[in-house]
Amino acid sequence: MASIRFDDSQFPLVVTEWPEGDITDAELEQWIAKCEAGWPRGRQVALHLGMRATGLSSLQRKRMSEFAKTNERKLAKVVIATAIVADSPVVRGIITAINWLAPPPYPQRVFARRVEAEAWLREQIAADRAA
């Protein structure tokens with residue numbers, strides 16, 4: 001079984017590496033708990049690596065959607081921006097389409113490369129601090 005890697009050692013950058021294989025429901029709940037536990041630290045940016053068309057079950061995708069809806073106000077206050085890195089142009093297109101239909105309460109962009117995503121997130125942090 002694969003595992004989600006969560007790294008907040010470079011706060012305000014919080015990095016989640018999504019595995020290639022399936023994850024358990026318990027592991028998803030642990031990831032959600034880690035995200036929530038970091039909210040008191042202050043405003044932050046999120047970098048998601050390895051997003052794929054598979055890996056999360058339909059129930060897990062539903063759980064993530066419910067989490068986002070339930071916490072929309074809190075996420076809008078805590079999250080400066082989110083960058084998603086996906087190798088697949090198809091996955092990038094799917095994520096972009098989802099964001100058009102149901103935009104998150106913070107800026108979110110999809111990238112093919114990590115270096116581009118991190119540069120954009122640094123710009124978002126700088127703009128947030130200047131505001």
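Which side chains meet in a salt bridge at 3.9 Å, N to O? They are those of Glu 66 and Lys 62, where a salt bridge is taken as a side-chain nitrogen of Lys or Arg within 4 Å of a carboxyl oxygen of Asp or Glu.

Before going on, a word on the basis. This is a predicted model, in which local features need pLDDT of at least 70 and side-chain atom pairs count only at pLDDT 80 or more, while totals for chains, interfaces and linings use all residues. Residues are numbered from 1 along each chain as its sequence is written, and side-chain values use heavy atoms, with hydrogens and water left out.

Returning to that pair, Glu 66 and Lys 62 both lie in helix H2, residues 58-70, and are four residues apart, about one turn of the helix; helices (H or I, at least four residues) and strands (E, at least two) are DSSP runs, numbered from the N terminus. Glu 66 counts as partly exposed because its relative accessibility is 37%, given that buried means under 20% relative accessible area, exposed over 50%, and partly exposed in between, with a 1.4 Å probe and protein chains only.

A search of the whole structure finds seven salt bridges, and one of them joins Glu 17 to Arg 5, with the closest N and O atoms 2.8 Å apart. This pair links distant parts of the chain, since Glu 17 is in strand S2 (residues 13-17) and Arg 5 is in strand S1 (residues 5-10), twelve residues apart. At 28% relative accessibility Glu 17 is partly exposed, whereas Arg 5, at 52%, is exposed.

Arg 113 and Glu 116 form another salt bridge, their closest N and O atoms being 3.5 Å apart. Arg 113 has a relative accessible area of 48% and is therefore partly exposed, and Glu 116, at 35%, is partly exposed too.

Now to a residue of the interior: Thr 82, in strand S4 (residues 79-85), is buried because its relative accessibility is 3%. Leaving aside neighbours within four places in sequence, Thr 82 has contacts (heavy atoms within 4.5 Å) with several residues, among them Ala 46, His 48, Tyr 106 and Trp 120.

Finally, the surface: Val 90, Ile 94 and Ile 98 form a nonpolar patch with about 280 Å² of accessible area together. Ile 94 is found in helix H4, residues 89-101, and counts as partly exposed at 43% relative accessibility. Patches are made of residues with over 30% relative accessible area and no salt bridge, like charges being joined within 9 Å and nonpolar side chains (Val, Leu, Ile, Met, Phe, Trp, Tyr) within 5 Å.

Notes:
Accessible areas come from the Shrake-Rupley method with a 1.4 Å probe; for residues, only the protein chains shown count as cover.
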